[in-house]
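Here are my notes on this one, as promised. Have a look at the model first, then go through the points below.

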Amino acid sequence: MKKRFENKTFFDPGRFRFTLNFYQEVTVISDDGSQWVNFTPLLCTKAVQEPLREGSQIAINAGASILNQDCYFVIRNRSNFYPEKDMIVTNGAQGYVINAVI
């Protein structure tokens, strides 16, 4: 029996094979007054990487571009974590900047 408001988005658990590390950018001020940027780790989780398609109008409206080979990642919902635009995401040696959270 179909539920009235059922979630139609389903990802096979085997597709969560990319390890994402989320970092928060923090400005550190030393005793002599100099400043530098440091990244503090927030979360390490598995994700599904989806390429951006021409029909992905929501992602394109959020600022993504097919020409730049942008992609989006799907992570599982966490009650104590919500990605924000000022976070840095790494997938191995590849770094990403969050343009939008959909």
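1. The protein chain exposes about 8,100 Å², and carbon and sulfur atoms supply 51% of that (Shrake-Rupley areas with a 1.4 Å probe; for residues, only the protein chains shown count as cover). Buried residues make up 20% of the 102 residues in the protein chain (buried is under 20% relative accessible area, exposed over 50%, partly exposed in between).

2. Before you go on: this is a predicted model, where local features need pLDDT of at least 70 and side-chain atom pairs count only at pLDDT 80 or more, while totals for chains, interfaces and linings use all residues. Residues are numbered from 1 along each chain as its sequence is written, and side-chain values use heavy atoms, leaving out hydrogens and water.

3. You'll find one helix and five strands in the protein chain, running β-β-α-β-β-β from the N terminus (DSSP runs: helices are H or I with at least four residues, strands E with at least two, numbered from the N terminus). For contacts between residues at least 6 apart in sequence, 51% join residues at least 24 apart (contact: heavy atoms within 4.5 Å).

4. The aromatic pairs come to two (ring centres of Phe, Tyr or Trp, the last by its six-membered ring, within 6.5 Å; planes under 30 degrees apart are stacked, over 60 edge-to-face, the rest tilted). One of them is edge-to-face because the rings of phenylalanine 73 and tyrosine 96 have centres 5.2 Å apart and planes at 75 degrees. This pair links distant parts of the chain, with phenylalanine 73 in strand E3 (residues 71-75) and tyrosine 96 in strand E5 (residues 94-97), 23 residues apart.

5. Phenylalanine 73 is partly exposed at 22% relative accessibility, and tyrosine 96 is also partly exposed, at 22%.

Methods:
Buried < 20%, exposed > 50% of the residue type's maximum accessible area, 1.4 Å probe, protein only.
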